[in-house]
Amino acid sequence: MTKQPEDWLDDVPDNENEDDDDEIIWVSKSEIKRDAEELKRLGAELVDLGKNALDKIPLDEDLRAAIELAQRIKKEGRRRQMQLIGKMLRQRDDEPIRQALDKLKNRHNQQVALFHKLEHLRDRLIEEGDDAVPDVLNLWPQADRQQLRSLIRNAKKEKEGNKPPKSSRLIFQYLRELAEGQE
């Protein structure tokens, strides 16, 4: 006896009792690979960090040991170690690590921006002379006016005589000390 089309419906299980909330989220193989590559790049950034910077990132002992080993290894062994670090990162929550790394990068960017600002101020001091000193005193009231004026005079003489910019460097150093003392 062959089944009629109406009888086929009897073989189909009722899905009415199943929860609609149990949806399966399918992730493509390409997306998994992209995520793995991203974690390998994160691992490479961690390996490129110095010891002091690495201390500021929340890492467990196993991951830290793998990163320190990768820093010592060269060539093919390093590539395999980087893959292992990527695999280890897939098994962990990488968000705290990313946040700490971003914080380190941002700190570096802020430091670079401060240096550019101080270089610009130094150049202005040398060009404008005593006219720019009040701006420095407004920023840092504890600045020594006489020392600054003396350094500016020496920097101008060095510039006119095509000598090495020793006083220019000293002005920058002094401004940096003032900026760091303010923090």
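Modeller: A residue counts as buried under 20% relative accessible area, as exposed over 50%, and as partly exposed in between (1.4 Å probe, protein chains only). The model discussed here is predicted, so local features need pLDDT of at least 70 and side-chain atom pairs pLDDT 80 or more, whereas totals for chains, interfaces and linings use all residues. Residues are numbered from 1 along each chain as its sequence is written, and side-chain values use heavy atoms, without hydrogens and water.

Colleague: How many helices and strands does the chain contain?

Modeller: The chain has 9 helices and 0 strands; these are DSSP runs (H or I, at least four residues, for helices; E, at least two, for strands), numbered from the N terminus. Of the 183 residues in the chain, 28% are buried.

Colleague: What makes the buried residues of α2 line one face of the helix?

Modeller: The buried residues are Ala36, Leu39, Leu42, Gly43, Leu46 and Val47. Viewed down the axis of α2, they fall within an arc of 140°, so they line one face; the arc is that of the directions from the helix axis to the C-beta atoms. The face turned away from this buried side carries the exposed residues Lys33, Arg34 and Asp48. The buried residues of α2 pack against α3 (51-55), α4 (61-72), α5 (75-90) and α6 (95-128), where contact means heavy atoms within 4.5 Å.

Colleague: Which residues have the most contacts inside the largest nonpolar core?

Modeller: They are Ile57 and Ile85, in a core of 21 residues. Such a core is a set of buried Ala, Val, Leu, Ile, Met, Phe, Trp, Tyr and Cys residues joined through side-chain atoms within 4.5 Å. Helices α2, α3, α4, α5 and α6 each supply at least two residues of this core. Leaving out residues up to four places away in sequence, Ile85 touches Gly43, Val47, Leu63, Ala66, Ile67 and Ala70.

Colleague: Why is Ser167 called buried?

Modeller: Ser167, in helix α9 (residues 166-182), has a relative accessible area of 4% and is therefore buried. Beyond its neighbours within four places in sequence, Ser167 is in contact with Leu151, Asn154, Ala155 and Glu158.

Colleague: What makes Asp55 and Arg64 a salt bridge?

Modeller: The rule asks for a side-chain nitrogen of Lys or Arg within 4 Å of a carboxyl oxygen of Asp or Glu. The closest N and O atoms of Asp55 and Arg64 are 2.7 Å apart, and the pair forms a salt bridge. Asp55 is partly exposed at 44% relative accessibility, while Arg64 is buried at 17%. This rule gives a count of 17 salt bridges.

Colleague: Why does the pair Glu127 and Lys159 tie together parts that are 32 residues apart in sequence?

Modeller: Glu127 and Lys159 form a salt bridge, with closest N and O atoms 2.5 Å apart. Glu127 lies in helix α6 and Lys159 in helix α8 (residues 145-160), so the pair links parts 32 residues apart in sequence. Glu127 counts as exposed at 53% relative accessibility.
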